[in-house]
Every structure is written in C-alpha cells, then in structure tokens.
Amino acid sequence: MRKSSAVLATLSLAVLALTGCTAAPTYDGAACDRDAGDTGLRDAVSVEGDIGGSTDVEIFAPVHVSSSVFADTVVGDGRALVDGSQGLVGQIAVYSGETGDQVFELPYDEATTPAQSIDYWAERVPGLGDALPCATAGSRVVAALTPEDFGPQNIAGFGMEDDDVAVVVFDVVDVLLPRAEGSLRFNDASGMPTVVRAPDGTPGVIIPKIDAPESQVVQTLIEGEGEPLTADQTPLVNFTAVGWADRQVIRTTWGDAPTSQFSQMAPPVAEALVGQKIGSQVLIVVPDTENSPAMAFVIDILGTVAAPTP
C-alpha cells in the first residue's frame, strides 16, 4: 500500500490537453441506469474527504487492468449527466497505478473552477467518456484507465511508463441543466417569432413575415424553477441567434457546448436576462441599429458558474 504523493501544484491543465480531440461516445441520457461499477477497484483505491475538497487517497499499488473500469465510491443525489455537452463542474486527480504516486491534480475552487462537460473531458482523457455518463452531482468516480484510454500522450507528458495504468479520482461537484426546464408560459404579443423545440431541447425559430419591432422585446417562454439571475452572476447558457431579415441562424451553441461568455458576446441582450429564473427559456428580439441588423435570440439559462478567465 502506498499513499499518494504531495500535490504537484506546478502542473497545469494544458498537460491533460495533449491527447487531442477524441470524440466522446454518445449515450441515451433518458435511459440512464448507472450501476455501482467495479468492486475490485473499490478494494484497490481508498479515498477519504468531502466532495470537491481535499482528499486522502491510498492506492494498493500496483493496479493492473486489462480493460478500463470505474466505480462510484460516493453516489450523490444531485442532477444526472444526461448529455455530453451538459455543464459539469468537477475536480480531478490522477495517480500512477504502478507506484501509487500522484501525477496531476486540478482542485475545485468555487470562485475559479469553470463548468466543462463530458465531451470536454473525453477529448483530454478518452476513458472519462465512458466513466462519467449518468453520474450524479455529489458523486465521486474512481477509474482505472488503460494507457490507451488515458491517452498515450498523457502517459508521456506525466512521465509514466508506457504500460502504466492511470488511476483517476473525479469528483462531480455540480451538474447544470441540459436544457430549459419549467412551466410553459403563454405570450399573447403578436408579431413575435414562434419557437419550436426538438426532443433534446434544440430550438427552431420561425420569424414572421413582418418588420421587426422598433424596440427590444423580451418574452419568457419557459419559466424555470431556480433562483432569479442577478447582475453579478455569470450565467451558463445555450442560445440561438437568428437574423430577422434573412431568417438565417447567425450563431448557435446547440450541438457544440453551452457558453459562460454570453455577456461578452451580446451585452444588451445578456442584461435582459437579469431577474429571469435559472431553468428559463427566454426569447429576446433586438431591433435594427446602425451597427447591427434585427435579431431574435432564444436563450436557455442552465445555471451560474465561475466568471470566465479573461
């Protein structure tokens, strides 16, 4: 039995980015049925400490696996990860299965840790694309990943042996909404776009064949059940922007990843979100200006996150 070494604070997340862009597997979030995982791994790795806090990790090294395995050593009662692009706030530490030594840690900090996603982590550590789907907020996932699933370039970047197994301890600190959730609101304002939604929440925006409004119009389409958004919070949103005149999608985050930088992209539109509840879907139409044509924005407010790094 070997205890983990001290935190290697000088390592950065850039090292974990070495594996390139391996796509995360798809899965049916509506049919999430996550079992407890591998019992042998539970015997090989012991982790003590609060989710998202400092931990004491003991590894009964060496840990050898012929294929990657994972186990939930703590099962949280929060929201489940049902979508590859869903916002996820996590804490990760990596250990050599051969020596038990820690080779990387990215601790959670409430003020600075951004929301990522399963897709994001799977691009950097391919095996996490299998270990994280359907995990719930408040859970601790321990995974033993083969060199292939950890990423050969990560193995080299951390100075591990070519055949070393990576033991990953991943705390799912928070899981944000995958789409707007709440009560449909009736809006009787005429001349506004119609919004339809695919099963996964992706909106379609139908622009009426009339002139755009002469002033900004805000409608709540779905009223969420969360707290109202305040001016000093950073929302994580999915949005679609459609040009009024040509009825073409100008930009959308659906099919890619939610963004926490909407306030920088469209400040006047973002200001109109203040006071809207988390979980809401909001339609905002901005009129023609000297610098910009009229546009319709459909915005899903998925949660609040740490402010993005400039």
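Guide: Let's start with Ser280: apart from neighbours within four places in sequence, Ser280 is in contact with Ala180, Ile222, Glu223, Gly224, Ile299, Asp300 and Ile301. Contact here means heavy atoms within 4.5 Å. Please keep in mind that this is a predicted model, where local features need pLDDT of at least 70 and side-chain atom pairs count only at pLDDT 80 or more, while totals for chains, interfaces and linings use all residues. Residues are numbered from 1 along each chain as its sequence is written, and side-chain values use heavy atoms, with hydrogens and water left out.

Ser280 sits in the loop between helix 8 (267–271) and strand 15 (281–286). Helices (H or I, at least four residues) and strands (E, at least two) are DSSP runs, numbered from the N terminus. Ser280 counts as buried because its relative accessibility is 1%; buried means under 20% relative accessible area, exposed over 50%, and partly exposed in between (1.4 Å probe, protein chains only). The Ser280 side chain reaches two backbone oxygens: that of Lys277 at 2.8 Å, and that of Ile222 at 3.4 Å. Ile222 is also one of the contact partners listed above.

The protein chain has a mean of 89, and 88% of its residues reach 70 or more. Confidence is lowest in strand 1 (residues 2–3), with a mean of 37, and highest in strand 8, at 98. Over residues 1–26 the pLDDT is below 50, and beyond near neighbours in sequence this stretch has 65 contacts in the model.

Strand 8 (residues 166–175) runs antiparallel to strand 5, and nine bridges join them; two strands pair if DSSP finds at least two bridges between them. In that pairing, Gln91 has Asp171 as its bridge partner. Strand 7 also pairs with strand 8 in the antiparallel sense, over seven bridges, with Val141 opposite Phe170. All seven of the seven residues of strand 7 (residues 139–145) are buried, so strand 7 is largely enclosed by the rest of the structure. Strand 5 (residues 88–96) is mostly covered too, with nine of its nine residues buried.

Notes
Polar contact = N/O pair within 3.5 Å; in protein donor to acceptor, adjacent residues only side chain to side chain. pLDDT = per-residue confidence, 0-100.
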